[in-house]
Amino acid sequence: MENSAVVLHEGSQFSKRWKCAACFKQFSQELFLMEHIAWAGHSEHEPRCSSCKKHCKCLDALREHLLGPLAKKECAKQFAERGCSLCLALFESHDALTFHRSACCLGTASSQNLVQTSIAVNRRVQAANGHFAFKLKNQTLPTGNRRCSVALDCEMVGGGQDGSIELCASICLMDEDENALLLTYVKPHILVTNYRYSITSIWREDLVDAMPLKVVKEVVEAILYNGPNSCMDRKNAMLLVGHSLKYDLKCLGMEYPLHLLRDTACYPPLLRTNGASNKLKYLTRSYLGYQIQEGDAHNPYEDVVASMRLYRRMKKHVHTKPSSSGKRESIAARLRKYATELSLDTLLENNAYVQNTKANTASMGSSGRRRT
């Protein structure tokens with residue numbers, strides 16, 4: 001993105017428009033364009049149309065640009081012939097697209113890599129949880145400067161008088177090769193009043209001999225931090241992948257460094273066009289090509305595999321690097337440079353217009369709330 005703005009028309013004064021070189025939005029004044037650049041935060045990491053090179057805020061916006069009811073005709077025509085509906089990439093030929101689809105469309109999680117933790121293993125963990133966790137962790141130690149990643153998913157049941165307290169009842173921890181490092185039921189620390197069977201498929205009998213929550217927390221921390229009693233040493237800590245990880249960590253009573261979290265519910269390209277989080281079921285169907293959570297029941301291993309596959313797919317996206325021909329001027333520097341070129345009267349006039357617009361918008365919103 002070499003130029004942040006171009007003049008759309010060079011005609012009379014009334015036909016002069018300013019256009020953002022990233023998202024192609026048009027403005028009547030250059031000041032409004034500069035405000036848009038400052039707030040939009042366009043970068044080379046945004047999803048981009050392979051045909052017209054338009055930047056989109058998220059992949060859903062790019063999908064609407066290519067496949068929606070108001071899609072751009074030229075881009076939609078090329079995408080219909082040579083585009084992948086999952087990764088939204090455009091290929092040179094139909095043969096290349098056919099070869100790509102065989103690898104892009106994934107199947108459901110294979111049960112061959114699934115290793116359930118039995119009651120005997122649970123007792124072993126209770127007796128020597130540190131040694132067992134470190135043994136599991138040795139299979140996925142980081143190589144070189146690259147951090148390995150582990151995916152986590154928990155299924156919650158309800159506690160308290162009304163069943164509104166989230167309690168961890170089952171957990172799955174999986175490595176990058178889709179091997180289950182830990183898959184077990186968890187015995188909550190308080191009485192369960194709502195098992196939410198339609199979603200969790202958990203009965204009371206499943207939690208009788210389950211692993212206590214305190215032991216589960218110690219095992220998970222030992223796996224993530226490379227061994228027991230090493231929570232303060234973050235040098236070899238692993239990347240934690242998941243969907244809505246804040247709820248999983250909260251029900252486990254854990255905290256994890258923010259810079260090591262890879263949450264598919266918060267990753268900007270995977271958000272909705274309004275900035276809200278998408279459901280894991282929708283993301284798996286739209287970007288991996290298969291269904292999960294059929295019948296509303298959640299399988300922790302199935303969910304954790306989907307989260308890891310989404311993370312790996314987003315990680316493989318090619319990000320265009322800025323041009324090295326010259327040092328690009330920052331947005332803040334461009335705004336300061338532009339402000340110094342304006343007279344004081346023009347700055348005050350434009351600032352008053354912006355403030356009045358914001359005040360009118362706020363008053364309209366408050367009056368609308370009073371009417372409702």
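Val150 sits opposite Leu240 of strand S9 in this predicted model. That puts us on strand S4, residues 149–159, so let's follow its partners, as side chains in a regular strand alternate between the two faces of the sheet. S4 and S9 (residues 239–242) run parallel and share three bridges.

Next comes S5, residues 165–174, which is antiparallel to S4 and joined to it by nine bridges. One of the pairs here is Gly159 with Ile165. Between these two strands lie the five residues of a hairpin, where Gly160 takes a positive phi near 85 degrees. S4 also pairs antiparallel with S7 (residues 192–194), this time through two bridges, and Gly158 faces Asn194 there.

Looking past its neighbours within four places in sequence, Leu152 touches residues including Ile171, Leu173, Leu240, Val241, Leu252 and Val304. Leu152 is also among the residues with the most contacts inside the largest nonpolar core, along with Cys154, Ile171, Leu224, Leu252, Tyr256 and Tyr301. That core has 63 residues, and helix H11 (residues 300–315) gives the most to it, with eight. Elsewhere there is a second, separate core of nine residues, among them Cys20, Cys23, Phe32 and Met34. As a general point, nonpolar side chains tend to be buried together in soluble globular proteins.

Conventions:
Residues are numbered from 1 along each chain as its sequence is written. This is a predicted model: local features need pLDDT of at least 70, side-chain atom pairs count only at pLDDT 80 or more; totals for chains, interfaces and linings use all residues. Side-chain values use heavy atoms; hydrogens and water are left out. Buried means under 20% relative accessible area, exposed over 50%, partly exposed in between (1.4 Å probe, protein chains only). Helices (H or I, at least four residues) and strands (E, at least two) are DSSP runs, numbered from the N terminus. Two strands pair if DSSP finds at least two bridges between them. A nonpolar core is a set of buried Ala, Val, Leu, Ile, Met, Phe, Trp, Tyr and Cys residues joined through side-chain atoms within 4.5 Å. Contact means heavy atoms within 4.5 Å.
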